[in-house]
Amino acid sequence: MKIEPDNTNIEMKMKSRVRVGIILILVNLTFIFACAYVAVRIYMQSQMEEGLLVSKIVSTALLMTEAFVVFHSISYAINFISALRAPEPARADIRDWSKAPSVAILVPARHEPYEVLERTFLCLKNLDYPNKVIYFLDDSSEERYNREAEELATTFGIRIFRREKRHGAKAGIINDIVKTLDTKYLVVFDADQNPMPGFLKNLVPIMEADPKLAFVQTPQFYTNTESSSIVKGANIQHCMFYEFICEGKSAGNAMIFCGTNAILRIEALRAVGGLDEGSVTEDFATTIDLHLAGWKSLYNGQVGTFGSGPEALDIYMKQQWRWSRGNIGVLFKVFRTFFRHPFGLTVRQWWEHFATGSYYIIGLAYCILMLCPITQIFFNLPVFHMNELMYVSLFAPYFLLSLTIFFLSMYRRNYAFGDLLLGILLGFVCFPIYVKALFAALLGIRSSFNVTEKRSGSGDTPYRIFLPQLIIWGINFAALIWGLQRVVVEQTPQLAVSMMWTFYHFVMLSAIFYFRLSPTRWTGPTNVVQPVPAEAQKA
């Protein structure tokens, strides 16, 4: 019997190759225009004539900010291309699951609501894996929570682990129990993370296939996206990170441990002395130690866990403060390690760790980008030294191509433009938190580890919570009024460019009035963003 070729499948593969080819062309063009723009800006900056010192300082800050933004846009493009070319991970053939390696499942918690823990332990109990032991790392200091822990242990047949002396917060209690474990692997879940039954059967074969693999990280998504615009935007931000960025990092053996929803090899963790207790983002800090010791890391994009996101703006900002303060603190560790052991990691690993650690400096970048056109409008202070025609010829193509690559990449995973915009706006309005975290890190101000609150938002967020945003919003509005008069009278191209960016920032900051609404007043989109299954992502 003659078998006819599957023309439909061949046609789909051809179309996919054409799309990838177009994407590669766009990425290369973006890289060319980005490098050309920065090179010309540096040259024009070096040709500055004598002028006010403040003008030189501000213009230099603007140039450094633009270079920072270009660095991260190129980093995203690299991850995007790497993700498209990444092969499927190797898997060991485990035929008898009753003899599969033992796994300790750890749930560190301190003063978590009973109903949150109950859902989590129910999901853990239902994990389809025979050789597992579930540990509740109870770090509570109040008797009520201790009694609830005992009740949970009785109900679900889990083991409770407590310590006599608290140190290192979450990292400390995990390190304490690791000393007592005799299992091959451990899995860490935050208190509100609910894994699906096949979570372990998906990951253990990957770990078994490579003895040098320290951990496999999986994504984290929220299920309560309909509760408020905050959690919906936060979920979209997770999507942005856990799609091409994590896949690209993984392809370069530079994936970071994210603190939850990951399986780790206990041997690797013990080899580096456990989790880094000196950082509130112990996960990222420990990743560097593991990579320096020669261990590998991997990301698996199959969605296997769901959790609950922050529903109110003040809760979200506290979460962002902890993440940004920790990441920037680890950036200093990256710098120190680089100068001590420049050949300890590959070029790609250094690049990715610098990119991860420096991301939250975006808050300062937003500030500079907003203030520079304002100084031009109010004080006629020259801060941008570049011919207008050259600016349009180089920056506009780079800017449009960068946006095209980002939205095109996310469109491939079925994310809508409006949803992505929500996530971008939420990150933008939090710039004061990131600036505060940067200066706290520079001044060595320590930050304690605090879990994200699980309460729902009640009432509109008070204006005092985002007073810095309101001040900058008002200054932008005043600059628009004053600049409009100047443009009409003077009609200078540079002033028109400053007005364009001031209007752009004014519109972006206006989102704060939308995000401050309580969940009961939120009238945003009703469609839930569903992550795309891993098997469909390669299509």
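Colleague: What should I know about the numbering and the model before I start?
Modeller: Residues are numbered from 1 along each chain as its sequence is written. This is a predicted model, where local features need pLDDT of at least 70 and side-chain atom pairs count only at pLDDT 80 or more, while totals for chains, interfaces and linings use all residues, and side-chain values use heavy atoms, with hydrogens and water left out.

Colleague: How many bridges join β1 and β2?
Modeller: Helices (H or I, at least four residues) and strands (E, at least two) are DSSP runs, numbered from the N terminus. Two strands pair if DSSP finds at least two bridges between them. Strand β1 covers residues 103-109 and runs parallel to β2. L106 stands opposite Y135 in β2, and the number of bridges between β1 and β2 is 7.

Colleague: Which handedness does the unit of β2, α4 and β3 have?
Modeller: A crossover is right-handed if, with the strands pointing away from the viewer, the path from the first strand over the helix to the second runs clockwise. β1, helix α3 (residues 114-125) and β2 make a β-α-β unit of that right-handed kind. For β2, α4 and β3 the unit is also β-α-β, and its handedness is right-handed.

Colleague: How many of the residues of β2 are buried?
Modeller: Buried means under 20% relative accessible area, exposed over 50%, and partly exposed in between (1.4 Å probe, protein chains only). By that rule β2 is mostly covered, and its buried residues number 5 of 7.

Colleague: What is the volume of the largest cavity?
Modeller: On a 1 Å grid over the protein atoms alone, a cavity is a set of points where a 1.4 Å probe fits but cannot get out, and lining residues have an atom within 4 Å of a point. Grid points are joined across faces, edges and corners, and a volume is the space filled by probe spheres set on the points. The count is 1 cavity of 30 Å³ or more. The largest cavity has a volume of about 50 Å³.

Colleague: Which element gives the most to the lining of the largest cavity?
Modeller: The lining includes R110, H111, F136, D138 and Y145. Ala, Val, Leu, Ile, Met, Phe, Trp, Tyr, Cys and Pro count as nonpolar, Asp, Glu, Lys and Arg as charged, and the others, Gly among them, as polar. By class, the lining has 6 nonpolar, 2 polar and 4 charged residues. β2 (132-138) and α4 (143-156) each supply at least two lining residues, and the element giving the most, with 4 residues, is α4.

Colleague: Is N261 buried or exposed?
Modeller: N261 is in the loop between α7 (229-251) and β8 (262-265). Phi of N261 is near 60 degrees, a positive value in a residue other than glycine. With a relative accessible area of 0%, N261 is buried.

Colleague: What is the relative accessible area of A169?
Modeller: A169 is in helix α5 (residues 169-178). Phi of A169 is positive, near 50 degrees. A169 is partly exposed, with a relative accessible area of 23%.

Colleague: What separates the C-alpha atoms of E311 and E226?
Modeller: E311 is in the loop between β10 and α10 (313-340). At 15% relative accessibility, E311 counts as buried. E311 and E226 are 85 residues apart along the chain, and their C-alpha atoms are separated by 9.5 Å.

Methods: On a 1 Å grid over the protein atoms alone, a cavity is a set of points where a 1.4 Å probe fits but cannot get out, and a pocket is an open set with protein on both sides within 12 Å along at least five of seven lines; lining residues have an atom within 4 Å of a point.
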